[in-house]
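Please read these comments with the model open beside you.

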Amino acid sequence: IPLAKVEVEVVGPRGGRAHTGEGAPVSTSVDISITTDAGPRAAAYMAGVAAQHRALRPLVLVAKAYLKVCDLNEVASGGLSSFGLAYMVLAHLMEEARAGGDTEDLGLMAHRLFRRFSPGTYDTGRMLVAPGQGGVVPRAHMGSRYYSNLDRICVVDPLTGRDVTEGAYRSGEVMGAMGRAARYLDGVASAHAASCAPDLDILGGLVQDVDAADDDDDEEEDDRYARRGAGRSFDADAARRHDRGDDGVLALAGDEW
């Protein structure tokens, strides 16, 4: 668990300070941890498994976007962290590969992911997510230390053995959202059982509110950027592009321009 989150300036390719197109210094958020190397180890582990499971990254992004629409993507409000969700997707892909599923079929894998963690399919009292043990396993196989918070999704970090989703007190809502997504995709699959057009927007209906949510976020960002640029020429859209990396700059601009 990070001790703190701070803003640091990004160093450019020649060793100097990196700047945006408008000449502003570029900064990004980093976690500070003391007396532990768990963060770097976890990052290296994730990079390794992402290279082994090509579907991991896109499936995490789809699931994360959907949970964001459902307001279930923040640990502080009882939702799932990106870390916990990534381990859930990894465990899902492990289970699918073992069962002979086509893990390169992203639509199929997304459908089955939502179905796997739906109410009635996933039992938080009996099951837990343990990539280190090969996927989704019975709690009984992992010992008594994991027999707490039986109403919550339990995801065991393969590096530390810690339950990284113990704070997900809205696990029931998360699983309910997964169930709704699965039923939606059931309908799409039924409607196009014989043939699926290459340009069919399968996920459009699933995350149809994402654009609206982003528009609301953009309005808030415009206000924030306008305050930061008060008293001088300032383009909020350009600032937002730099913050998001839309212009090719993979960085987040800090509060100081």
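The points below run from the basis of the model to its overall layout, and then to individual contacts.

1. Basis. This is a predicted model, in which local features need pLDDT of at least 70 and side-chain atom pairs count only at pLDDT 80 or more, while totals for chains, interfaces and linings use all residues. Residues are numbered from 1 along each chain as its sequence is written, and side-chain values use heavy atoms, with hydrogens and water left out.

2. Layout. The protein has seven helices and four strands. Helices are DSSP runs of H or I with at least four residues, strands are runs of E with at least two, and both are numbered from the N terminus. Along the sequence the pattern reads β-β-α-α-α-α-β-β-α-α-α.

3. Burial and surface. Of the 257 residues, 39% count as buried. Buried means under 20% relative accessible area, exposed means over 50%, and partly exposed lies in between (1.4 Å probe, protein chains only). The protein exposes about 14,200 Å², and carbon and sulfur atoms supply 52% of that area. Accessible areas come from the Shrake-Rupley method with a 1.4 Å probe; for residues, only the protein chains shown count as cover.

4. Contact range. Take the contacts between residues at least 6 apart in sequence: 53% of them join residues at least 24 apart. Contact means heavy atoms within 4.5 Å.

5. Helices α3 and α4. The axes of α3 (residues 82-98) and α4 (residues 106-116) come within 10 Å and cross at roughly 110 degrees. The two helices are therefore roughly perpendicular to each other. From α3, the contact uses Val89, His92, Leu93, Glu95 and Glu96; from α4, Met109, Arg112, Leu113 and Arg116. By class, that gives four nonpolar, one polar and four charged residues. On conventions, axes are lines fitted to C-alpha atoms, for helices over the stretch in contact, and angles run from 0 to 180 degrees between N-to-C directions. Angles under 35 degrees count as roughly parallel, over 145 as roughly antiparallel, 65 to 115 as roughly perpendicular and the rest as oblique. Nonpolar covers Ala, Val, Leu, Ile, Met, Phe, Trp, Tyr, Cys and Pro; charged covers Asp, Glu, Lys and Arg; the others, Gly among them, are polar.

6. Aromatic pairs. How many aromatic pairs does a search of the whole structure find? It finds four. Rings of Phe, Tyr and Trp (its six-membered ring) pair if their centres lie within 6.5 Å; planes under 30 degrees apart count as stacked, over 60 as edge-to-face and the rest as tilted. One of the pairs is Tyr66 with Phe114, edge-to-face, at 5.6 Å centre to centre and 70 degrees between the planes. It links distant parts of the chain: Tyr66 sits in α2 (residues 56-69) and Phe114 in α4, 48 residues apart. Tyr66 is buried at 6% relative accessibility, and Phe114 is buried at 1%.

7. A pair within α3. Phe83 and Tyr87 form a tilted pair, 4.8 Å centre to centre with 50 degrees between the planes. They are separated by about one helical turn, because they lie four residues apart in α3. Phe83 is partly exposed at 27%, whereas Tyr87 is buried at 0%. Tyr45, Phe83 and Tyr87 form one aromatic cluster.

8. Arg170. This residue is in the loop between β4 (135-138) and α5 (171-191). Arg170 is buried, with a relative accessible area of 16%. Beyond its neighbours within four places in sequence, Arg170 contacts Cys70, Asp71, Leu72, Ser77 and Gly78.
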